[in-house]
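Hello,

Here is the structure I promised to pass on. Please open it first, then read my notes below.

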Amino acid sequence: MSGGTPIVKLTYREAVRDAIREAMYKDARVFLMGEDVGRYGGCFAVSKGLLQEFGPARIRDTPLSESAFVGAGIGAAMGGMRPIVEIMTVNFSLLAADQILNNAATMLHMSGGQFNIPLVIRMATGGGRQVAAQHSHCLEGWYAHIPGIKVVTPATIEDARGMLWTALEDPDPVLIFENNTLYNMEGELAADAQPVDINYARVRRPGRDISIITYSASLFKALEAAAVLAGDGIDAEVIDLRTLRPLDDKTFLTSVAKTHRAVIVDEGWRSGSIAAEISARIMERAFYELDCPVERICSAEVPLPYAKHLEQAALPQAETIVATVKRMVHSHG
Amino acid sequence: MAEFRMPSLGADMEAGTLIEWKVKPGDRITRGDIIAEVETDKGIIEVEVFEDGIVDQILVQPDAKVPVGTVLATIRSVGAAPMPTADRAVAERMPVGAEPPVQPSLEAGGPRIPAPTMVPPASTTERRLRVSPLARKLADELGIDVSTVQGTGPDGAIERADVERAAAAKKAEERPPAPTPTPSPTTPEVAPTPEVPPRAAKAAVPEFQVRMRRAIAAAMARSNREIPHYYLETRIDMSRALRWLETENQKRTIKDRLLPAVLLVKAVAKALGDVPELNGYWIDDRLQPQEAIHIGFAISLRQGGLVIPAIHHVDLKSLDELMEVLHDLIPRVRAGRLRSSELTDATITVTNLGDLGVEVVYGVIYPPQVALVGFGKIVEQPWAEHGMLGIRPILTATLAADHRATDGHRGGQFLDSLNRYLQEPAKL
Amino acid sequence: MTEAQIKEVILKVLGRIAPEADLDTLDPDANVREALDIDSFDHLNLLIGLNEELRVDIPEADYGQLTTLAAILSYLSARVR
Amino acid sequence: MSAEPTTPQAAIRLDRDHALHLLHEMVRIRRFEAKCAELYGAMKIRGFMHLYDGEEAVAVGVMQVLTPQDAIVATYREHGHALVRGISAGAIMAEMYGKQEGCARGRGGSMHLFDARTRFYGGNAIVGGGLPLAVGLALADHMQGKRQVTCCFFGDGAVAEGEFHESMNLAALWKVPVLFVCENNLYAMGTALQVAQSVTDLAHKAASYAMPAIPVDGMDVLAVETAAQTAAAAVRAGEGPYFLECRTYRFRAHSMFDAELYRSKAEVEEWKTRDPIATFAQRLKEQGLLNDADVASIEREVAREIDEAVAFAEAGTWEPVEDLMRFVYSERRTA
């Protein structure tokens, strides 16, 4: 932070709300729609107060019709608006999968470049709150499989605040995944924080011994692990991918070329995951830099259980990261 | 004469069986009439005709299965005479569409591919070496046969560090045997050795060189035996430093110009102020940090070998003073006229192999010192900063350090610090 | 000063820096630093020596032109009075 | 709500020019598609292709009441809609050939005709998938205060989809200006309406969402036009969505590769007696609005248009393979 700029303390939730509010003021075409975004104030209280501020035409409560209101968002985007569609959780987005995959992702291509979809879809994702197997999916990586959409995963307050506007300015559909465990996270931000890019990964902690590649809420587990590892003389570099499609592979390939080791921490399931994609790209393009096999720390391949101890055992944890990294950096460093 | 062909009724249809003709030769037909039924995988489909005319000849009989595009019948226009059968070439029965009619099906009997001759399997008693890709690449570069390397990784896998150890050991062995090590060891060796072939026909290797090699051999062998090295490296953007140097040198006469080397030496001294554990000796099983920073500056000799005189109190000298020291020191090194303090006082070693085009230097520590800083050549490389890619002059700095004395974390801090100082050249 | 005289000065300075080198066989088009294995410090000393002997100022920006014996000779010939 | 199709006769005063225009448009579709079928058999056109034979009156009737500012969302059986909306026959044919001169550069094919100039938003091949898009396009107009209609065509099959019901509800709830046109041809591919629906009166379903819903004789172009005029006027006036169930029949198979095992020939023949082109032409002749020379002239003009379209498509070029990755993301970087 530069000196002189006032710093504000706020939660991730407030950062998202501020971002929506700013977008609503900056561009009259922007509106928010989704289940319970208005009178209820948002399932995760993100949009609390916005109905009073902007009125029901621009803060639109929808029926429980994911396919209709996501599709309506696509249509409205083609019709000249800049909709922000909120889907309560990624699980419910599956009810709108037809619209996201068959329409939003394909329209530009099918129409030979005539109809782009400047749409933003926000949704909560991730486990860790004991809401069991139908509310805890982490499917960002799965959406990242699909060409035609962009998939961004803000982890920090700065990104929660700054990615939305950039996404709205993008001519193509952008899916923003907000991990539900982050909403209460507090942090500091410049009062005049600016929009940030949605194209590049960031090195959140430079290090020399190993590259820990992660995104979203797992970033903080990785940073916690890196702090513990530093005490043992292991200097881990932590990379926050920020955007899963398009995937900024240059940043993590550069890192691996420096550290010669990589572990990927991904809250999604292991098989066919974004972690698998990253691992494959490292193998394809940095094979001769590797001093040991790439490893992955993902969620256990089980529908997430309700019981706390089982749920926590299923999710990637800092201790697992520490143990894995120590095993990988066993002989030197 | 028009042709009525087996139509393609779907992308996956390759052939159809003619079930029934709804017409016979001589029948008058109009566009849109159903004139045949064809059986496909999906069932029986009525096939319409797209011509007006009279059925001339039926070429395919019911129950025949033919590929898409095959001529089924010919249609002549009203008023035209029937074509004599004899005129019709048999070949015309084959599909002659503008595009290839169908993919040849596998059952149709494509060329048989003989089973490949198997290479006799390699001896299975010989266990396959487990070598990390990086270690294998490094071994190639250093000329190390990986089968001679002892792996310390999981299940005996050979990793980078193992190759580096092997390379250091090999270097030590290659030197002539040293019956009596010189009591005052002069110089550590740094890979790769600048072995220069004699230019003119020289009678014999001068005595001082023989002694020097023996001293190097003794020190390096001891280093490799005793010191558990760890290596760290970092890439440093030198654009600020070089820009500053350029501006500075423009103001100076040739005699007073600065070389990048003095910036590096000074930055090392400053960084050692931040991480003092790297400046000292490992004696009596403990680290003995030294307050004074005397940097051993490796100077290679064209005849082979190198000498590492100490530059005293680098932290207290200005860049100009350091330049002066080098002007004094280097000719004396080349002439073999060094003071004893210059040969024994160094608390750390800096080796700058950038002049040779080497990019990265993995040094061997000169005991009882606990660290060696290596600098490669400054090369232009792609460099990402603030989300932008640019071309920058990049210097790779390495630290070889004694793991008994420090760990990677402190080493990392040192390189970080070094980088920081090089970003503010005016303050050096 | 003739070109031959300038060449003699260059060889003299080089001889001080790399006394063991056989300068008679030095290819005028070979890269001097590579051929004589002289490092950046030696190179600086070469330029200092030439500057002192010939009174020609050589800006750092021109270092890149002074790679071979022939190049050094032509550079200096153009500037020596 | 009446379950019987209405055929309001009063509203439209049929003059000769308009009558010939309607006939011409229906004949264009019929002949164009016959050519498509021929070219499909000849492998010039590939992929899935669905023909509109028998249903022409619906597209032609409805399109008469739309303005150039209105938007259209159609299905994969949309050649007719595209033609009548004003996309050139050449661009449509070239699209089916896969040529880059096609209206979607050959990226869409028969099922995905698109055209920004005429606000033709596909060419949507997921049954029911176009309805939410139409609601969104109408919502955008509504929020921007534009008096425009989004006209959404879909078949009876879509009515079984959740997206149909979600869209009906949302459109009625938000009173957005959509004209829903259900082309009820009695078969969802090969599944008859009574095999798929507990209630076969589809207008009833829409009416339950509190919007006007009218069954129309989809074989009668005038009935369709009249009903569409009333409906579009209401939508344009800001009264919210409107639903027309046009009862029609496709004479050809569902797609080119369909043995028609699911319906009887007698049924097809029965419906063919109600052919919208033949019956309309007959009616016009009876009223003295059409003579044989008019028919010949229409056929001649249509044949010429189709020949030109085929020639245009034949002369078209293949998009270079190097361009394969285009149009995945926009080439201009701001929305």
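B:Tyr281 stands opposite B:Gln288 in S11(B). The two strands here are S10 (residues 280-283) and S11 (residues 286-289) of chain B. They run antiparallel and are joined by four bridges. The hairpin they form has two residues between the strands. One residue to look at is B:Asp284, which takes a positive phi near 55 degrees. Please keep in mind that this is a predicted model.

Next, helix H6 of chain B, residues 319-335. The helix has 17 residues, so at 1.5 Å a residue it should span 24 Å. Its end C-alpha atoms are 24 Å apart, which agrees. Which residues of H6(B) are buried? They are B:Leu322, B:Met323, B:Leu326, B:Leu329, B:Ile330 and B:Val333. Within chain B, the buried residues of H6(B) pack against helix H5 (260-274) and strands S13 (299-300), S14 (306-307) and S15 (310-311). They also pack against helix H3 (40-54) of chain C.

Now the core. The largest nonpolar core has 341 residues. Which of them touch the most other members? The answer is B:Val265, B:Ile295 and D:Leu244. Helix H1 (residues 16-41) of chain D supplies the largest share of this core, with eleven residues.

On to chain D. Six strands form an open sheet there, in the order S2-S1-S3-S4-S8-S7. The pairing is parallel. The edge strands are S2 (120-124) and S7 (213-217) of chain D, and each pairs on one side only. From one strand to the next, the twist averages 15 degrees. Inside the sheet, S3 (residues 150-155) and S4 (residues 178-184) of chain D run parallel, joined by six bridges. In this pair, D:Phe153 stands opposite D:Val181 in S4(D). In a regular strand, side chains alternate between the two faces of the sheet. Helix H9 (residues 221-236) of chain D lies across S4, S7 and S8 (242-247) of chain D. H9(D) runs at about 170 degrees to S8(D).

Then the chain contacts. How many residues does each chain give to the contact between chains D and A? Chain D gives 38 and chain A gives 37. On the chain D side, the elements that give two or more residues are S2, helix H5 (130-143) and helix H6 (162-174) of chain D. H5(D) gives the most, with ten residues. By class, the side of chain D that touches chain A has 19 nonpolar, eleven polar and eight charged residues.

Chains B and D also touch. That contact takes 14 residues from chain B and eleven residues from chain D. The chain B side divides into seven nonpolar, five polar and two charged residues.

Last, chain A as a whole. Chain A has 13 helices and 14 strands. Of its 333 residues, 60% are buried. Among its contacts with a separation of 6 or more, 79% are between residues 24 or more positions apart.

Best wishes

Methods: Residues are numbered from 1 along each chain as its sequence is written. Chains are lettered from A and ligands numbered from 1 in the order in which they are written. This is a predicted model: local features need pLDDT of at least 70, side-chain atom pairs count only at pLDDT 80 or more; totals for chains, interfaces and linings use all residues. A residue is buried if 20 or more other C-beta atoms lie within 10 Å of its own, exposed if 12 or fewer, and partly exposed in between; C-beta atoms are placed from the backbone. Two residues are in contact if their C-beta atoms, placed from the backbone, lie within 7 Å. A nonpolar core is a set of buried Ala, Val, Leu, Ile, Met, Phe, Trp, Tyr and Cys residues joined through C-beta atoms within 7 Å. Ala, Val, Leu, Ile, Met, Phe, Trp, Tyr, Cys and Pro count as nonpolar, Asp, Glu, Lys and Arg as charged, and the others, Gly among them, as polar. Two strands pair if DSSP finds at least two bridges between them. Axes are lines fitted to C-alpha atoms, for helices over the stretch in contact, and angles run from 0 to 180 degrees between N-to-C directions. The expected span of a helix is 1.5 Å times one less than its number of residues.
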